[in-house]
Amino acid sequence: MRITEGQLRRIIREELLHEIDIEEVGESCWAEGSTHELSTCTIGGDKFYLKFSDINMNYDGSDPSLLVLNEYLAYKIYKLFPGAKTPGRIEIVYDRTNKKVAIATSAVPGRHGRSIPPSVLAKLLSAGVYVDIFMSHWDISNTANLVVSPEGDSVTRIDPAGTLAKRAQGRDKGGAFSDAPGELETMLPTSNSRITDIFVGADLRVAAEAFLGVPWKDVLDTIEVTYQQVLTDLSERGMNSLAKEWTAYVNRITPILANRQHIVARHCKHILGS
């Protein structure tokens, strides 16, 4: 059954978008595993990892919380691709008193990707290869950002802060995030110019089919709905400066993503036709 655009927007709003104020977060404890301010906490009785951007890093003059919003948007896009698995729940947490935003992700059981043989890990990553390339997810090569299920049959991508136009530590990628996805050269295992072996052993036909299964319109709808909801939340909490940066950022990256999607999709069709 085909759903209408209005139904899709409602589903995204009801099922994917959640807003939480810091007062609703249970007692938190400092946790290791991130270059930013990471702690464990409870939300509604469930365990989450809560992350604020480290204010001491270089953000090229932007609000540190913009990196959190970048990660949140990245997660929402990844959620469209079932094969590129992410934590079950992603929440955005607002600290209106300190004008900061955090991201909370549900805990994922399993082992770090670094404990899995590279060839096995590459196979598990197959369905998300072209999604990572589309999203400019260079940090996928850091296997600490991958959690393999206890059964060893799936992998979850965590901490996609260094996607889109942002680097994981906060700086902007500048021209490195462009209309032409250079990651097709630097990340693909078939490329002589690759700078990572993370996908060596991945099934590129599976990867191509998975990427082509989600049309650009669905990605654009998710970007627009996420943007509007976050903008409303920020405005209601008096975070007007961050709201302006958020608007400028989304307006900047959306046309770039449209071009990247077209090029990656064309490549995927070539893979399936060869």
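1. Helices H2 and H8 cross in a right-handed sense (right-handed if the near helix is turned clockwise from the far one by less than a right angle, left-handed if anticlockwise). The model is predicted: local features need pLDDT of at least 70 and side-chain atom pairs 80 or more, while totals for chains, interfaces and linings use all residues. Residues are numbered from 1 along each chain as its sequence is written, and side-chain values use heavy atoms, without hydrogens and water.

2. The axes of H2 (residues 65-78) and H8 (residues 240-273) come within 11 Å, at a crossing angle of roughly 40°. Axes are lines fitted to C-alpha atoms, for helices over the stretch in contact, with angles from 0 to 180 degrees between N-to-C directions. H2 and H8 are therefore oblique to each other (angles under 35 degrees are roughly parallel, over 145 roughly antiparallel, 65 to 115 roughly perpendicular, the rest oblique). Helices (H or I, at least four residues) and strands (E, at least two) are DSSP runs numbered from the N terminus.

3. On the H2 side, the contact (heavy atoms within 4.5 Å) with H8 is made by Ser65, Leu66, Leu69, Asn70, Leu73 and Ile77. H8 contributes Leu242, Glu245, Trp246, Tyr249, Ile253 and Leu257. By class there are 9 nonpolar, 2 polar and 1 charged residues (Ala, Val, Leu, Ile, Met, Phe, Trp, Tyr, Cys and Pro count as nonpolar, Asp, Glu, Lys and Arg as charged, the others, Gly among them, as polar).

4. H2 also packs on H7 (residues 216-236): their axes come within 10 Å and cross at roughly 145°, again in a right-handed crossing. Leu69, Tyr72, Leu73, Lys76 and Ile77 of H2 meet Val219, Thr222, Ile223, Thr226, Val230 and Leu234 of H7. This contact has 8 nonpolar, 2 polar and 1 charged residues.

5. In H3 (residues 118-125), Leu121, Ala122, Leu124 and Leu125 are buried (under 20% relative accessible area; exposed is over 50%, partly exposed in between; 1.4 Å probe, protein chains only). Seen down the axis, the buried residues of H3 fall within an arc of 160°, so they line one face of the helix. The arc is that of the directions from the helix axis to the C-beta atoms. These residues pack against helix H4 (129-134) and strands E8 (146-148) and E9 (155-157).

6. Ser191 sits in the loop between H5 (183-186) and H6 (204-212). Its relative accessibility is 7%, so Ser191 counts as buried. Beyond residues up to four places away in sequence, Ser191 touches Leu184 and Glu185.

7. Val206 lies in H6 and, at 36% relative accessibility, counts as partly exposed. Leaving aside neighbours within four places in sequence, Val206 contacts Ser126 and Ala127. Gly128 is 78 residues from Val206 in sequence, with a C-alpha to C-alpha separation of 8.8 Å.
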